[in-house]
Amino acid sequence: MGGGAELPPWALVAAVGLFGLLIGSFLNVVIYRLPKMMERQWAEECADLSGTPLAPADKFNLLVPRSRCSSCGHLIAWYENIPVLSYLWLRGRCSVCGTGFGVRYPVIELLTGALFAFCAWRWGSTPTTVAWAAFCAALLVLAVIDWDTTLLPDDITLPLLWGGLIAAALQWNPAVNLASALWGAVAGYLSLWLVYWAFKLATGKEGMGHGDFKLFAALGAWFGWSALVPIILMASVIGALVGIGLKLSDGLREGGYVPFGPFLAGAGFTAMFFGPQTILRVIGL
């Protein structure tokens, strides 16, 4: 971004927000397909170890096959796949069999568009906008996948971590220098790793997954080591409130387990919007 005639601020925000809607449509694909791709990979690895090959399967990745109705198999035409507008036009249902698509699809698109627009409004026509928009997309996908599956894919957490370090090194994230980002990543990983082992040695149970270590390390890379305490406190507060709400509404899944990744993501978004130190003031520290 930058160079040549620049768009007026309002036009830039609108253009980046519209682009975010398109990216949000792709994020829906990632959220649905990436866990299935991981399951297929694990099945292939298990088959290799056992010496029992899997039956051949159709090619399945983020690009193929084309999107289709999960009920009747109707291939989604391009005009049925326009972010938000197609959902409203189709009234959230398949044009052939009438099966509902679910409201999550337009919600993810709108959230992505709003997050991208916020980045453009805050940082303007700069590489910083690109960096934080990518951060938002990755964090949103991780939050939803973890909520659905209790998985935080390395395919997203590790690039998010490296992205934070690279953004700091290139000064695309002016608030955090490379040293702070590096030690933020180290401290973020080690802190939850120590909590994990302390809990496991004390109870014999696993209190969180390894993906949480990597996600917290990534947040440390983006916000610096000094932001780790505010972020983990905010994540704990959000998690406690959501957990209490789910328990009161009998919404807890089997085993009463609630993944921690979405709350780390929520704290990360809060830190991006308001700043880590504001979190401390809000919770009275």
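This is a predicted model: local features need pLDDT of at least 70, side-chain atom pairs count only at pLDDT 80 or more; totals for chains, interfaces and linings use all residues.
Residues are numbered from 1 along each chain as its sequence is written, and side-chain values use heavy atoms, without hydrogens and water. Local features need pLDDT of at least 70 and side-chain atom pairs count only at pLDDT 80 or more, while totals for chains, interfaces and linings use all residues.

View 1. A pocket is an open set of points, on a 1 Å grid over the protein atoms alone, where a 1.4 Å probe fits, with protein on both sides within 12 Å along at least five of seven lines.

**View 2. Helices and residue classes around the largest pocket.** Helices are DSSP runs (H or I, at least four residues), numbered from the N terminus. H1 (9-50), H2 (85-90) and H3 (104-123) each supply at least two lining residues; the largest share, six residues, comes from H1. The lining has 17 nonpolar (Ala, Val, Leu, Ile, Met, Phe, Trp, Tyr, Cys, Pro), five charged (Asp, Glu, Lys, Arg) and eight polar residues (the others, Gly among them).

**View 3. The second largest pocket.** This pocket has a volume of about 330 Å³. Val 130, Ala 131, Ala 133, Ala 134 and Phe 135 are the closest to its centre among 22 lining residues. H4 (127-149) gives the most, with eight residues, and H1, H4 and H5 (154-169) each supply at least two. By class, 19 lining residues are nonpolar, two polar and one charged.

Conventions. On a 1 Å grid over the protein atoms alone, a cavity is a set of points where a 1.4 Å probe fits but cannot get out, and a pocket is an open set with protein on both sides within 12 Å along at least five of seven lines; lining residues have an atom within 4 Å of a point. Grid points are joined across faces, edges and corners, and a volume is the space filled by probe spheres set on the points.
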